[in-house]
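Subject: Handing over the structure

Hello,

Please open it before you read the notes below.

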Amino acid sequence: QVHVVESGGGLVQAGGSLRLSCAASRSIFSINAMGWYRQAPGKQRELVARITGGGSTNYADSVKGRFTISRDKAKNTVYLQMNSLSPEDTAVYYCNAVLFTVGGTTNYWGQGTQVTVSS
């Protein structure tokens, strides 16, 4: 199992930046993939960015060039640096951890952190 806890959300003006943090309860290198998802009111949860255990990353088209996912091995933490924020980025952001086991794939979620971008 793995527990993940997000932090770093808040209110920011359009064009501003925020950095989200996701602290994991175990070594992030023992986790097959970690990522950030977001869910805006009335919309489905969508993938924002993901990083695999091997370090490969992928991003939603809407955030490419603005958001960067990274990790700190020593702190077992994954970050999401968000720049050039727009009101369309307003959502609850969730950290996700994926473990591959003999029984299949298990997803673990944090409680979410609110990001609000004002125009």
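Is Gln114 buried, partly exposed or exposed? Gln114 is partly exposed, because its relative accessible area is 40%; buried means under 20% relative accessible area, exposed over 50%, and partly exposed in between, with a 1.4 Å probe and protein chains only.

Before going further, two points on how to read the values. This is a predicted model, in which local features need pLDDT of at least 70 and side-chain atom pairs count only at pLDDT 80 or more, while totals for chains, interfaces and linings use all residues. Residues are numbered from 1 along each chain as its sequence is written, and side-chain values use heavy atoms, with hydrogens and water left out.

The chain as a whole

The protein chain has 0 helices and 11 strands (helices, H or I, of at least four residues and strands, E, of at least two are DSSP runs, numbered from the N terminus). Read from the N terminus, the order of elements is β-β-β-β-β-β-β-β-β-β-β. The radius of gyration of the protein chain is 14 Å, close to the 14 Å that the globule rule gives for 119 residues, so the chain is as compact as a globular protein of that length. For that comparison, the radius is taken over C-alpha atoms, and the rule is 2.2 Å times the number of residues to the power 0.38.

Along its principal axes, the C-alpha trace spans about 45 × 30 × 25 Å. Of the 119 residues, 41% count as buried. The accessible surface of the protein chain is about 6100 Å², and 48% of that belongs to carbon and sulfur atoms (areas come from the Shrake-Rupley method with a 1.4 Å probe; for residues, only the protein chains shown count as cover). Among contacts with a separation of 6 or more, 54% are between residues 24 or more positions apart; contact means heavy atoms within 4.5 Å.

The cavity

The search of the whole structure found 1 cavity of 30 Å³ or more. A cavity is a set of points, on a 1 Å grid over the protein atoms alone, where a 1.4 Å probe fits but cannot get out, and lining residues have an atom within 4 Å of a point. The largest cavity holds about 40 Å³ of space, where grid points are joined across faces, edges and corners and the volume is the space filled by probe spheres set on the points.

Which residues line the largest cavity? They are Ile28, Ile31, Ala33, Met34, Ile51, Thr52, Gly53, Arg71 and Val78. Strand S4 (33-39) and strand S5 (46-52) are the elements that give two or more residues to this lining. By class, the lining has 6 nonpolar, 2 polar and 1 charged residues (Ala, Val, Leu, Ile, Met, Phe, Trp, Tyr, Cys and Pro count as nonpolar, Asp, Glu, Lys and Arg as charged, and the others, Gly among them, as polar).

Single residues

Gln114, from the opening question, is in strand S11 (residues 113-118). Leaving out residues up to four places away in sequence, Gln114 touches Gly9, Gly10, Thr90, Ala91 and Val92. Gln114 and Gly103 are 11 residues apart in sequence, and their C-alpha atoms are 33 Å apart in space.

Phe67 lies in strand S7 and is buried, with a relative accessible area of 3%. Phe67 and Thr77 are 10 residues apart in sequence and 16 Å apart in space, C-alpha to C-alpha.

Arg45 is in the loop between S4 and S5 and counts as partly exposed, at 34% relative accessibility. Among the residues that Arg45 touches, not counting those up to four places away in sequence, are Tyr37, Tyr94 and Trp109. The C-alpha atoms of Arg45 and Cys22 are separated by 17 Å.

Ser30 lies in the loop between strand S3 (18-24) and S4, and is partly exposed at 32%. Ser30 and Val2 are 28 residues apart in sequence and 9.7 Å apart in space, C-alpha to C-alpha.

Backbone angles

Most residues other than glycine have a negative phi. Asn76, in the loop between strand S7 (67-72) and strand S8 (77-82), has a positive phi of about 50°. Ser84, in the loop between S8 and strand S9 (91-101), has a positive phi near 50°.

Regards

Note on methods:
1 Å grid on protein atoms, 1.4 Å probe; cavity = no way out; pocket = protein on both sides within 12 Å on 5 of 7 lines; lining within 4 Å.
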